[in-house]
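Dear colleague,

Please find the structure below.

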Amino acid sequence: MSETPRTTVPPGTSPARTPAPPAADPALWCPPGTTLTGAARVETDDPATARRRLPGVYADPVAWLLAEAVAAALADCGSAAPDRPEAVGVIGVGAHPTARTLGALAAAVPTGRISPMRFAGAGPGSPLGTLCAAFGFHGPVSMLPMPPDQAAPPVRALCGDWLLGDPPSAAHVLVVTHRTTDEGKHQAHCLVVSGPTPTRRPRRT
């Protein structure tokens with residue numbers, strides 16, 4: 001296990017006042033035998049200001065904020081960054097990652113006109129679909145609709161299964177979390193957790 005990662009803050013965002021749970025103790029999130037390759041955390045008052053990486057595609061603004069954290073975490077990996085999108089899995093954690101889209105849909109109900117794109121983007125797992133489309137990831141994906149403070153055990157179990165299985169399902173797993181602070185700021189955090197080998201091993205019989 002590597003030491004606690006440095007925080008990478010892309011232009012246009014500000015350092016968080018308090019660390020998100022993964023940054024506080026990455027060992028709680030990464031099972032033995034894996035390596036913490038990179039990490040990044042971004043914070044903003046309004047996730048709608050984050051860069052849209054897929055033109056013509058609707059996604060909840062939090063999805064684009066998560067994409068900023070993913071891009072920064074991949075850059076933090078340096079030469080160890082994943083180079084095979086099909087071997088990258090994604091785990092998402094957040095209690096209400098699409099709250100803004102859900103609110104817009106609720107407000108539109110009295111008009112009798114619901115946007116199909118926003119309806120599709122309201123699901124809790126839709127931000128992960130946006131991330132996979134934006135970065136080309138083809139590995140396993142799982143969304144845990146729960147507060148990040150409570151998510152370390154299931155995330156650790158999933159990382160262990162995907163990275164250390166026989167054969168492994170992925171060579172790298174991105175753990176992406178979203179939370180809202182008491183001040184109303186949105187925080188997105190990404191850990192890049194890597195397995196012991198970049199290639200799949202044959203299944204034992």
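Contact, as used in these notes, means heavy atoms within 4.5 Å. The model is a predicted one.

I start with Asp-45, which is found in the loop between β1 (35-44) and α2. Leaving aside neighbours within four places in sequence, Asp-45 is in contact with Gly-184, Lys-185 and His-186.

From Asp-60 to Thr-130 the C-alpha distance is 9.2 Å, and the two are 70 residues apart in sequence.

Next, helix α2 itself, which covers residues 61-76. With 16 residues at 1.5 Å a residue, α2 should span 22 Å; the end C-alpha atoms are 23 Å apart, which agrees. Of these 16 residues, 14 are buried, so α2 is largely enclosed by the rest of the structure. Gly-78 follows α2 and has a positive phi, near 60°.

α2 packs on helix α5 (residues 126-135) at an angle of about 45°, and the axes are 9 Å apart. The two helices are therefore oblique to each other. The crossing in which α2 passes α5 is right-handed. On the α2 side, the contact is made by Ala-63, Trp-64, Leu-66, Ala-67, Val-70, Ala-71 and Leu-74. On the α5 side, Pro-127, Thr-130, Leu-131 and Phe-135 take part. Ten of the residues in this contact are nonpolar, one is polar and none is charged. As background to the spacing of such positions, an α-helix has 3.6 residues a turn, so residues three or four places apart point the same way.

Last, helix α6 (residues 152-164) has 13 residues and should span 18 Å at 1.5 Å a residue; its end C-alpha atoms are 17 Å apart, which agrees. Which residues of α6 are buried? They are Ala-152, Val-155, Leu-158, Cys-159, Gly-160, Trp-162 and Leu-163. These buried residues pack against four strands: β2 (88-93), β3 (141-144), β4 (172-180) and β5 (186-194).

Regards

Definitions and conventions. Residues are numbered from 1 along each chain as its sequence is written. This is a predicted model: local features need pLDDT of at least 70, side-chain atom pairs count only at pLDDT 80 or more; totals for chains, interfaces and linings use all residues. Side-chain values use heavy atoms; hydrogens and water are left out. Axes are lines fitted to C-alpha atoms, for helices over the stretch in contact, and angles run from 0 to 180 degrees between N-to-C directions. Angles under 35 degrees count as roughly parallel, over 145 as roughly antiparallel, 65 to 115 as roughly perpendicular and the rest as oblique. A crossing is left-handed if the near helix is turned anticlockwise from the far one by less than a right angle, and right-handed if clockwise. Ala, Val, Leu, Ile, Met, Phe, Trp, Tyr, Cys and Pro count as nonpolar, Asp, Glu, Lys and Arg as charged, and the others, Gly among them, as polar. The expected span of a helix is 1.5 Å times one less than its number of residues. Buried means under 20% relative accessible area, exposed over 50%, partly exposed in between (1.4 Å probe, protein chains only).
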